[in-house]
Amino acid sequence: MPLKIAEEARNIDAIEINGHIKQVVAVPFNTLEGPYNQIIFNDDSQIEKTKGNKQRKSWSKVWVDFDKFEEDGKQVAKCKHCPKVLTGSSKSGTTHLNNHSKVCPGKKKQNQETQLILPADTNERSSTFDQERSHLDLVKMVIKHQYPLDLAGQEAFKNFVKGLQPMYEFQSIEKLLSDFYKEKKREVRQGFDKLACKFNLRVTLWKNGLGKTAYCCLIAHFIDDDWKLKMKILAFKTLKHIYDTKALSEIIQRSVSEWNLDEKIYSITMDDPSLNEEMFQQIKARLAFFSSLVH
């Protein structure tokens, strides 16, 4: 509704109505009763001063996306999401600021990243997308449900995952196999750590059909806490020749250390009658943990 204010109010730049600050412009006009100022409201403008020229905080919500400061004697507004600098004068209003906020590429990118925030299912997990964590979750899923290893290469599965999380990048099959082995090894090693039993290592040696390549397979035999006989392959390596006792000792020593079994080995069985006592003693001498073993 039209408001009228006495002449002495012509210096008022803003007034408060129902708890809200409104910018006003005093336009003089004459009536039969005398000269008055007509008050025109501008709801979308920035309020900078109140009566008595006191500074007042900008109230328009558009200023959430801008920083206002003075540069070369002029009021400017710098976007918080990109390098864009616009005029920040109260006389210019905020329409141009709103227009930029709607098309700002920096703000759009931040909004997209905010939309991709995932709910954390545990207290340890981050609430934002994590490529490495998601890749490890895929590896664990393949292991747990025994899915085919080429699952990540199937087009339908890729489309499904991309629909849920566009930022996820699929890894190569080589990467998947490598991480699959590491994760499975970590699980088995943790299981070994919990067992109270001792382990027997069985070393199996053989040659291929042409006899040019020798192979070594290191197998751990043990009885778990449920009194069930179990076995796990710890290593499968190639040898230059089947009687390379130095290389064979290194394979055994490295494997025992990798699986954290240094204090849990009870015995070693060499599953090859061609190894004589002298060769076995050479292997035994090179094993740091062998001093307490029975064979």
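I began with a definition: partly exposed falls between buried, under 20% relative accessible area, and exposed, over 50%. I kept in mind that this is a predicted model.

**Entry: Glu-169 and Lys-162**
I looked up Glu-169 and found a relative accessible area of 47%, so I noted Glu-169 as partly exposed. Its side chain meets that of Lys-162 in a salt bridge, at 3.9 Å from N to O. Lys-162 is partly exposed too, with a relative accessible area of 30%.

**Entry: Glu-258 and Lys-185**
Next I turned to Glu-258, whose side chain forms a salt bridge with Lys-185 at 3.1 Å, N to O. Glu-258 sits in helix 6 and Lys-185 in helix 5 (residues 173-194), so this pair ties together parts 73 residues apart in sequence. I noted Glu-258 as partly exposed at 34%, while Lys-185 is buried at 15%.

**Entry: Lys-107 and Asp-65**
Here I found another salt bridge, with the closest N and O atoms 2.8 Å apart. Lys-107 belongs to helix 2 (residues 105-115), and Asp-65 to the loop between strand 6 (54-55) and strand 7 (66-71). The two are 42 residues apart, so I wrote that the pair links distant parts of the chain. Asp-65 is buried, with a relative accessible area of 11%. My tally of salt bridges came to seven.

**Entry: Leu-261**
Last, I visited the loop between helix 6 (245-258) and strand 13 (265-271), where Leu-261 is found. Leu-261 is buried, at 0% relative accessibility. Among the residues Leu-261 touches are Phe-199, Leu-234 and Phe-192. Phe-192 is 69 residues away in sequence, yet the C-alpha atoms of Phe-192 and Leu-261 are 8.0 Å apart.

Methods: Residues numbered from 1 in each chain as written. Predicted model: local features only at pLDDT ≥ 70, side-chain atom pairs only at ≥ 80, totals over all residues. Heavy atoms only, no water. Helix = DSSP H or I, 4+ residues; strand = E, 2+ residues; numbered from the N terminus. Buried < 20%, exposed > 50% of the residue type's maximum accessible area, 1.4 Å probe, protein only. Contact = heavy atoms within 4.5 Å. Salt bridge = Lys/Arg side-chain N within 4 Å of Asp/Glu carboxyl O. Lists of a residue's contacts leave out its neighbours within four places in sequence.
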